Amino acid sequence: MGGVWLSGAEGSSWASPRPADGRGLAGGPEARGRRGRRPGGAGEMEPKLGFHELLHVFSFLEARDLLRAAQVDKVWNEVSRTKELWRHLCLRRWSSCTASQMTVGTQTWKEYYLCRSELEFRMERGRPEKDFICKAIAGHTAEIDGLAYISSNLCRFDGQAKSTVCTVSWDCTLRAWDMQEGTEIWSSLPQPAALVNVVALPRLQLAVTVDKRGLIKVWGAEDGRERASFFLPVLSSALQACDHPEGPFLLVACAEGFLFVLTVPQLQLRSRTPVFPGSPARLLCSPGCQWVFAWTQSSELGPKVFHTRSLLCPEEDEPPVSATLPACLTCIACWAPDETARLMVTHRNDNDLQLVVTTYELGVQQSREGADVMVQQVAHFLLPNTRMPPHLMKGHGSQVILLVSWLELALFTIHGVQLAAFQDHQRPIASLWVDQNLVVTASFDLSLRVYVWSKEEKLPALKSCYYLLGGSHRWAR
């Protein structure tokens, strides 16, 4: 079986553009002349700004203007390199970056900004063999049924970046791959049954698998050693790993409608909750792991939200803190990545005639009797009847929803304003990746399409950029 790896190639450099007329921030001949003029009598020079005054002025500049300012003189060079200026630029452009990332291949906020900007430029440009490379990997002898990244998602710029994934297959093995080299790192011994799902906890370097009988195992991602196991009474319908602040845990839904919460890596049972009796459930854990959303497509029972802490620390003879949403016949759902408790759900309306996308805000209210889940509907809109029901759904920021329907990728605000629609594939879209920089769609036509978010627009705007794998026709043969 084959796999695909995408990466920025080595050797590119980041350069700041210069204005066509040669005038930068105090950079042209006219500006240099102004700095040397005597505004008053002989010996009277322009008053010079001090370090802190310059620092305040520079705080309003963009990165390329700071780079130009550094060429003026020694003082301006020193001020333009100040850590606070580049830290502000980094946090404004990438709100998720932290000080710990500065130690991974970069020594300063400025170096981090320049390296990451270069990486994003190459990702947007997409030149084969220069901006990305493709590796085909082989090793499994049957269909690959799941893939999970073991590598951290932090950007590295020291040439030591590694991209490691684990895959499971119906050949009953778990394998780890070095995607830069396109080689297998290790393979487990054949397991008693086909492995059907895999999730990962990159911070702990652990992979978790489940087979078609319901046997769950934890594996060390570095050496492939088995760490713990747990046997479900029936097969699993959903598996999700959550890196909670109070400790990592595993969410498992089984075909009989129960939700299991297990510790990681020991796989000790923390709670077992009936959710949809007799119906397999699907699961989504919120950003920050404070909420769990569960729904089923084989029942008219409404979907449920659980407060995670009540699942991790259940009270004796007390059910977990939960609520049922008024969204029967739920089709698909996602969380808003920039919010801790904003949930978007696609479901049928009351008369089962039309699809509705509803956005909810969740909260917990404490009382003498205990805790109650507060559910507030903040927006909803009807999908046009001409549109096929979406089979993939992702959120972007706090206000944007991406829906995939057959060949089409469409963007909506949570209030139903359609921002864009793309039909770049010749066969149905099979999967969707969304982050703060990119959107990638994969199709049964054997191609990937890369889209880039525009940072200049007030409203989120997506630009269709290029195909990977050279397009569908050549690779399909």
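Tryptophan 406 sits in the loop between strand E22 (400–405) and strand E23 (408–413). The model is predicted. Phi of tryptophan 406 is near 60°, a positive value in a residue other than glycine. Most residues other than glycine have a negative phi. Tryptophan 406 counts as partly exposed, at 47% relative accessibility.

Aspartate 317 also has a positive phi, about 65°, and is not a glycine. Its place is the loop between H7 and E16. Aspartate 317 is exposed, because its relative accessible area is 74% and the cut-off for exposed is over 50%.

| Residue | Phi | Loop | Relative accessible area |
|---|---|---|---|
| Aspartate 317 | about 65° | between H7 and E16 | 74% |

Glutamate 318 lies in the loop between helix H7 (308–312) and strand E16 (322–324).

Next comes the peptide bond geometry. Most peptide bonds are trans. Valine 264 and proline 265 are joined by a cis peptide bond, with omega about 10°. Proline 265 is in the loop between strand E11 (258–263) and strand E12 (269–274).

One annotated region remains. An unreviewed UniProt entry gives "domain: F-box" for residues 54–92. Over residues 54–92 the chain is 74% helix and 0% strand. The end C-alpha atoms of this stretch are 20 Å apart.

Key
Residues numbered from 1 in each chain as written. Predicted model: local features only at pLDDT ≥ 70, side-chain atom pairs only at ≥ 80, totals over all residues. Heavy atoms only, no water. Helix = DSSP H or I, 4+ residues; strand = E, 2+ residues; numbered from the N terminus. UniProt positions renumbered as here; feature names shortened; annotations may be inferred. Buried < 20%, exposed > 50% of the residue type's maximum accessible area, 1.4 Å probe, protein only.
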